[in-house]
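Please look over the chain shown here.

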Amino acid sequence: MRASCILLCFFMFLAVSSAYPGKKKQYKPCKELVLYFHDILYNGQNAANATSAIVAAPEGANLTILAGQFHFGNIIVFDDPITLDNNLHSPPVGRAQGMYIYDTKNTFTSWLSFTFVLNSTEHQGTISFIGADPILVKSRDISIVGGTGDFFMHRGIATIATDAFEGDVYFRLHVDIKFYECW
(Lines give C-alpha, C1' and ligand atoms only; values in the text may rest on other atoms or scores of the structure.)
Protein backbone atom coordinates (compact mmCIF):
# COMPACT_ATOMS: atom_id res chain seq x y z
CA MET A 1 0.00 0.00 0.00
CA ARG A 2 2.76 2.39 0.95
CA ALA A 3 4.60 1.68 -2.33
CA SER A 4 1.40 2.43 -4.26
CA CYS A 5 1.01 5.75 -2.45
CA ILE A 6 4.62 6.73 -3.21
CA LEU A 7 4.21 5.73 -6.86
CA LEU A 8 0.98 7.75 -7.12
CA CYS A 9 2.68 10.82 -5.59
CA PHE A 10 5.58 10.44 -8.02
CA PHE A 11 3.26 10.40 -11.06
CA MET A 12 1.28 13.37 -9.72
CA PHE A 13 4.54 15.30 -9.32
CA LEU A 14 5.50 14.49 -12.91
CA ALA A 15 2.08 15.59 -14.19
CA VAL A 16 2.19 18.91 -12.33
CA SER A 17 5.81 19.68 -13.23
CA SER A 18 5.22 19.12 -16.95
CA ALA A 19 2.13 21.39 -16.89
CA TYR A 20 4.32 24.38 -15.98
CA PRO A 21 7.26 24.37 -18.35
CA GLY A 22 10.29 26.40 -17.30
CA LYS A 23 11.73 29.33 -19.17
CA LYS A 24 12.58 28.78 -22.81
CA LYS A 25 16.26 28.36 -23.38
CA GLN A 26 17.85 31.59 -24.60
CA TYR A 27 20.44 30.87 -27.23
CA LYS A 28 23.59 32.96 -27.22
CA PRO A 29 26.01 32.95 -30.14
CA CYS A 30 29.35 31.25 -29.58
CA LYS A 31 31.02 33.48 -32.22
CA GLU A 32 29.98 36.63 -34.11
CA LEU A 33 31.30 38.50 -37.17
CA VAL A 34 30.18 41.49 -39.23
CA LEU A 35 31.36 41.59 -42.83
CA TYR A 36 30.42 43.35 -46.08
CA PHE A 37 30.46 42.03 -49.58
CA HIS A 38 30.38 44.07 -52.75
CA ASP A 39 28.77 42.84 -55.98
CA ILE A 40 29.45 44.56 -59.32
CA LEU A 41 27.39 43.02 -62.13
CA TYR A 42 28.96 42.78 -65.58
CA ASN A 43 26.97 45.04 -67.92
CA GLY A 44 28.96 44.71 -71.13
CA GLN A 45 31.12 47.76 -70.42
CA ASN A 46 32.73 47.14 -67.02
CA ALA A 47 34.76 43.96 -67.55
CA ALA A 48 37.72 45.32 -65.55
CA ASN A 49 35.63 45.95 -62.40
CA ALA A 50 32.88 43.31 -62.62
CA THR A 51 32.72 40.67 -59.88
CA SER A 52 29.53 38.93 -61.07
CA ALA A 53 27.93 37.92 -64.33
CA ILE A 54 24.57 36.72 -65.63
CA VAL A 55 25.09 33.12 -66.76
CA ALA A 56 21.49 32.20 -67.57
CA ALA A 57 18.52 34.28 -68.60
CA PRO A 58 14.97 33.77 -69.88
CA GLU A 59 14.68 32.87 -73.55
CA GLY A 60 15.87 35.69 -75.79
CA ALA A 61 17.28 37.73 -72.89
CA ASN A 62 20.58 39.53 -73.01
CA LEU A 63 23.33 38.27 -70.65
CA THR A 64 24.44 41.84 -69.93
CA ILE A 65 21.02 43.21 -68.87
CA LEU A 66 18.82 41.72 -66.16
CA ALA A 67 15.42 40.50 -67.38
CA GLY A 68 12.33 42.60 -66.76
CA GLN A 69 9.49 41.54 -64.45
CA PHE A 70 11.57 41.23 -61.23
CA HIS A 71 14.54 39.67 -63.11
CA PHE A 72 12.72 36.32 -62.98
CA GLY A 73 14.83 33.54 -64.48
CA ASN A 74 18.22 35.24 -64.24
CA ILE A 75 21.05 33.25 -62.67
CA ILE A 76 24.11 35.19 -61.57
CA VAL A 77 27.45 33.80 -60.39
CA PHE A 78 29.78 35.95 -58.35
CA ASP A 79 33.26 36.25 -56.89
CA ASP A 80 32.92 39.37 -54.72
CA PRO A 81 35.39 41.02 -52.34
CA ILE A 82 34.60 40.86 -48.61
CA THR A 83 35.64 43.79 -46.41
CA LEU A 84 35.44 44.62 -42.72
CA ASP A 85 33.72 47.94 -43.45
CA ASN A 86 31.41 49.30 -46.13
CA ASN A 87 34.18 50.75 -48.32
CA LEU A 88 34.67 48.86 -51.59
CA HIS A 89 38.31 50.00 -51.64
CA SER A 90 39.15 48.66 -48.16
CA PRO A 91 41.58 45.75 -48.12
CA PRO A 92 39.62 42.54 -48.74
CA VAL A 93 39.67 39.83 -46.05
CA GLY A 94 38.31 37.23 -48.42
CA ARG A 95 35.92 36.49 -51.28
CA ALA A 96 32.19 35.72 -51.43
CA GLN A 97 31.75 33.06 -54.10
CA GLY A 98 28.53 31.51 -55.30
CA MET A 99 25.31 32.30 -57.11
CA TYR A 100 21.90 33.89 -56.79
CA ILE A 101 18.80 33.02 -58.75
CA TYR A 102 15.88 35.41 -59.23
CA ASP A 103 13.07 32.94 -58.59
CA THR A 104 9.80 34.86 -58.19
CA LYS A 105 7.61 36.50 -60.84
CA ASN A 106 5.74 38.97 -58.63
CA THR A 107 8.40 40.54 -56.37
CA PHE A 108 12.17 40.92 -56.05
CA THR A 109 13.27 37.67 -54.43
CA SER A 110 16.32 35.55 -55.01
CA TRP A 111 17.70 32.26 -53.77
CA LEU A 112 21.29 32.43 -52.51
CA SER A 113 23.97 29.79 -52.31
CA PHE A 114 27.46 31.04 -51.55
CA THR A 115 30.62 30.62 -49.49
CA PHE A 116 32.78 33.19 -47.75
CA VAL A 117 36.39 32.20 -48.38
CA LEU A 118 38.34 34.07 -45.69
CA ASN A 119 42.10 34.41 -45.84
CA SER A 120 43.22 37.10 -43.42
CA THR A 121 45.42 37.30 -40.36
CA GLU A 122 42.30 37.00 -38.15
CA HIS A 123 40.37 34.25 -39.96
CA GLN A 124 41.25 31.34 -42.20
CA GLY A 125 38.61 29.07 -43.69
CA THR A 126 35.18 29.06 -45.27
CA ILE A 127 31.60 29.75 -44.19
CA SER A 128 28.77 28.28 -46.31
CA PHE A 129 25.37 30.00 -46.65
CA ILE A 130 22.10 29.00 -48.30
CA GLY A 131 18.57 30.36 -48.35
CA ALA A 132 15.86 32.61 -49.71
CA ASP A 133 16.48 36.36 -49.96
CA PRO A 134 13.33 38.52 -50.07
CA ILE A 135 15.30 41.52 -51.32
CA LEU A 136 12.74 44.21 -50.47
CA VAL A 137 12.73 43.25 -46.76
CA LYS A 138 15.10 45.52 -44.83
CA SER A 139 16.94 42.70 -43.06
CA ARG A 140 16.54 38.99 -43.66
CA ASP A 141 18.06 35.78 -42.33
CA ILE A 142 19.76 32.99 -44.23
CA SER A 143 21.19 29.77 -42.87
CA ILE A 144 24.84 29.09 -42.21
CA VAL A 145 25.16 25.41 -43.01
CA GLY A 146 28.82 24.72 -42.29
CA GLY A 147 32.39 25.80 -42.61
CA THR A 148 36.03 24.81 -42.68
CA GLY A 149 39.25 25.98 -41.02
CA ASP A 150 38.49 28.42 -38.18
CA PHE A 151 34.79 27.77 -38.87
CA PHE A 152 34.95 23.95 -38.95
CA MET A 153 31.39 22.59 -38.85
CA HIS A 154 29.98 25.90 -37.57
CA ARG A 155 26.26 26.56 -38.01
CA GLY A 156 24.08 29.57 -37.38
CA ILE A 157 22.23 32.48 -38.93
CA ALA A 158 23.43 35.37 -41.06
CA THR A 159 21.27 38.48 -41.03
CA ILE A 160 21.81 40.29 -44.31
CA ALA A 161 20.76 43.80 -45.22
CA THR A 162 21.27 45.73 -48.43
CA ASP A 163 23.63 48.46 -47.31
CA ALA A 164 23.83 50.26 -50.67
CA PHE A 165 22.88 49.79 -54.29
CA GLU A 166 23.35 51.64 -57.56
CA GLY A 167 20.76 50.51 -60.06
CA ASP A 168 21.24 46.96 -61.28
CA VAL A 169 25.03 47.23 -61.45
CA TYR A 170 26.27 47.48 -57.82
CA PHE A 171 25.05 46.45 -54.40
CA ARG A 172 26.69 45.99 -51.02
CA LEU A 173 25.40 43.61 -48.35
CA HIS A 174 25.95 44.02 -44.62
CA VAL A 175 26.26 40.49 -43.19
CA ASP A 176 25.84 40.01 -39.44
CA ILE A 177 26.95 36.45 -38.70
CA LYS A 178 25.98 34.64 -35.50
CA PHE A 179 27.23 31.11 -34.98
CA TYR A 180 25.21 28.97 -32.58
CA GLU A 181 27.21 25.78 -33.04
CA CYS A 182 30.96 26.13 -32.80
CA TRP A 183 33.39 23.22 -32.71
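## Overall make-up

The model is predicted. The chain holds one helix and nine strands. Read from the N terminus, the order is α-β-β-β-β-β-β-β-β-β.

The chain has 183 residues, and 32% of them are buried. Its accessible surface is about 11200 Å². Carbon and sulfur atoms account for 60% of that surface. Among contacts with a separation of 6 or more, 48% link residues 24 or more positions apart.

## Pairing of strands 3, 4 and 5

Strand 3 (75-83) and strand 4 (94-102) are antiparallel partners, with eight bridges between them. One of the paired positions is Ile 76, whose bridge partner in strand 4 is Tyr 100.

Strand 4 also pairs with strand 5 (109-119). That pairing is antiparallel too and has nine bridges. Tyr 102 has Ser 110 of strand 5 as its bridge partner. Strands 4 and 5 make a hairpin, and six residues lie between them.

## Pairing of strands 1, 8 and 9

Which strands pair with strand 9 (170-181)? Strand 1 (31-40) is one of them. The two run antiparallel and share ten bridges. Within this pairing, Leu 35 faces Val 175 of strand 9.

Strand 8 (155-166) is another partner of strand 9, antiparallel over eleven bridges. Thr 159 stands opposite Asp 176 of strand 9. Strands 8 and 9 also form a hairpin, with three residues between them. Gly 167 sits in the turn and has a positive phi of about 60°.

## The largest pocket

The largest pocket has a volume of about 500 Å³. Its lining counts 25 residues. Nearest the centre are Tyr 102, Ile 135, Phe 165, Gly 167 and Phe 171. Two of these names have come up above: Tyr 102 is bridged to Ser 110, and Gly 167 is in the turn of the hairpin of strands 8 and 9.

Strands 1, 3, 4, 5, 8 and 9 each give two or more residues to the lining of the largest pocket. By class, the lining has 17 nonpolar, four polar and four charged residues.

## A buried and an exposed residue

Is Ile 127 buried or exposed? Its relative accessible area is 0%, so Ile 127 is buried. Ile 127 belongs to strand 6. Leaving aside residues up to four places away in sequence, Ile 127 touches several phenylalanines, including Phe 114, Phe 116, Phe 151 and Phe 179. Among its other contacts are Leu 33, Leu 118, Ile 144 and Ile 177. Thr 115, Gly 146 and Gly 147 also touch Ile 127. The C-alpha atoms of Ile 127 and Gly 149 are separated by 9.1 Å, and these two residues are 22 residues apart along the chain.

Leu 136 lies in the loop between strand 6 (124-134) and strand 7 (139-147). Leu 136 counts as exposed because its relative accessibility is 61%, and the cut-off for exposed is over 50%. With residues up to four places away set aside, Leu 136 touches Thr 107 and Phe 108. The C-alpha atoms of Leu 136 and Phe 108 are separated by 6.5 Å, although the two are 28 residues apart along the chain.

Phe 70 is not a glycine, yet its phi is positive, at about 65°. Phe 70 is in the loop between strand 2 (52-56) and strand 3.

Met 153 is placed in the loop between strand 7 and strand 8. Its relative accessibility is 39%, so Met 153 counts as partly exposed.

Technical notes:
Residues numbered from 1 in each chain as written. Predicted model: local features only at pLDDT ≥ 70, side-chain atom pairs only at ≥ 80, totals over all residues. Heavy atoms only, no water. 1 Å grid on protein atoms, 1.4 Å probe; cavity = no way out; pocket = protein on both sides within 12 Å on 5 of 7 lines; lining within 4 Å. Points joined across faces, edges and corners; volume = space filled by probe spheres on them. Helix = DSSP H or I, 4+ residues; strand = E, 2+ residues; numbered from the N terminus. Nonpolar A, V, L, I, M, F, W, Y, C, P; charged D, E, K, R; others polar. Buried < 20%, exposed > 50% of the residue type's maximum accessible area, 1.4 Å probe, protein only. Contact = heavy atoms within 4.5 Å. Areas by Shrake-Rupley, 256 points an atom, 1.4 Å probe, with all protein chains shown as cover. Pairing = 2+ DSSP bridges.
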